[in-house]
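Subject: A structure for you to explore

Hello,

Here is the structure I promised to pass on to you. Have a look at it first, and then read my notes below with the model open beside you.

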Amino acid sequence: MRMATAKVLVVSLALAGCATTQTTQPGAVDIHRKQTMLVSEASVEHGAQQSYLGELEKAGASGKLNADPALTARIRRITDRLIPVTATFRPDALEWKWEVNTLSTPEVNAYCMPGGKIMVYSGLVDKLQLDDAEIATVLGHEMSHALREHTRERVSKAYEQQVALVGLAVLTGAGPDTIALADQVASVTFELPHDREQESEADVMGLELMARAGYDPHKAISLWKKMMAVEKSEPPQYLSTHPASANRIAELERHLPQVLPLYAAAERKDLPAH
Ligand SMILES: [Zn+2]
């Protein structure tokens, strides 16, 4: 079994080493960076499922899972508008098993694990007093990390570094089994900041998602201004992986002209009342 895993890994490393992946279509915001992937999408999604299940169990045991049904309903109404427009970037995302839950805690945080496993912490909405479009900014950003498979890219980079440091021989004894991948998904979700390029991609792709879903993209600017204000008093967990900055806001402003027509078109489409 272990030998078989090792062989598969060697083959997949050899193949992926000279191949790059295009995870998404460019959209109006024109994201076209090619990515190097050394682990399969399926294995990372499986790791994410395990990790998310662990989070749901912990939250359930402490009574914090969906403890505020009105908040959960509100977040699901917003994701119900965002999920259909992900097809702009990758049609297969419509087939994902999206899950949307909330955690009642003062912490300011939210994430979307690979494959569409979303969690919103009530502190994000309460402390920053977010309206629906500002919530859609955070959700669009997090969903874009999943669409672009940034976690898979991070995990691939970690393997690449191991190969460079210790050679392939060591890796053959430690294939990307599910437990290791679940741990790595968790560490990318909760501890490691994405690099600046990934952050910028998630920002602008998220901006297009919210515009297409009928949320005013100007609200992305107000969201990050609120983040900057709260960062000064008590830096929340979300900001340790998502530093709010004038640069981030300036880049969002630069991309507004690309997405404002999409927002106008979405508004005209007589969206169902929420
Ligand atoms: Zn991010």
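Start with helix α3 (residues 69-85) and helix α5, whose axes come within 10 Å and cross at roughly 60°. On the α3 side, the contact is made by I75, I78, T79 and L82, and on the α5 side by D132, I135, A136, L139, G140 and M143. Please keep in mind that this is a predicted model.

L82 is worth a click of its own. Leaving out residues up to four places away in sequence, L82 touches A136, L139, G140 and M143, and also L209 and A213. L82 is also among the residues with the most contacts inside the largest nonpolar core, which has 63 residues. As background, nonpolar side chains tend to be buried together in soluble globular proteins.

The axes of α9 (residues 196-212) and α12 (residues 246-268) come within 8 Å and cross at roughly 25°. Angles under 35 degrees count as roughly parallel, and α9 and α12 are therefore roughly parallel to each other. Here, too, the crossing is right-handed. Among the residues that meet are S200, D203, V204 and L207 in α9, and R248, E251, L252 and H255 in α12.

Next, find N109, in the loop between β1 (99-103) and β2 (110-113). Is N109 buried or exposed? N109 counts as buried because it has 22 C-beta neighbours inside 10 Å, and the cut-off for buried is 20 or more. Beyond its neighbours within four places in sequence, N109 is in contact with Y121, L124, P236, Q237 and Y238. N109 and V120 are 11 residues apart in sequence, with 6.5 Å between their C-alpha atoms.

Finally, a word on confidence. The chain has a mean pLDDT of 87, and 85% of its residues reach 70 or more. Over residues 1-8, pLDDT stays under 50, and the model has three contacts beyond four places in sequence for them. Residues 10-18 also stay under 50, with eight such contacts. Where pLDDT is low, the predicted coordinates should not be read in detail.

Enjoy exploring!

How values were computed:
Residues numbered from 1 in each chain as written. Predicted model: local features only at pLDDT ≥ 70, side-chain atom pairs only at ≥ 80, totals over all residues. Core = buried A, V, L, I, M, F, W, Y, C linked by C-beta atoms within 7 Å. Buried ≥ 20, exposed ≤ 12 C-beta atoms within 10 Å, placed from the backbone. Contact = placed C-beta atoms within 7 Å. pLDDT = per-residue confidence, 0-100. Axes fitted to C-alpha atoms, helices over the stretch in contact; angles between N-to-C directions. Helix = DSSP H or I, 4+ residues; strand = E, 2+ residues; numbered from the N terminus. Parallel < 35°, antiparallel > 145°, perpendicular 65-115°, else oblique. Left-handed = near helix turned anticlockwise from the far one by under 90°.
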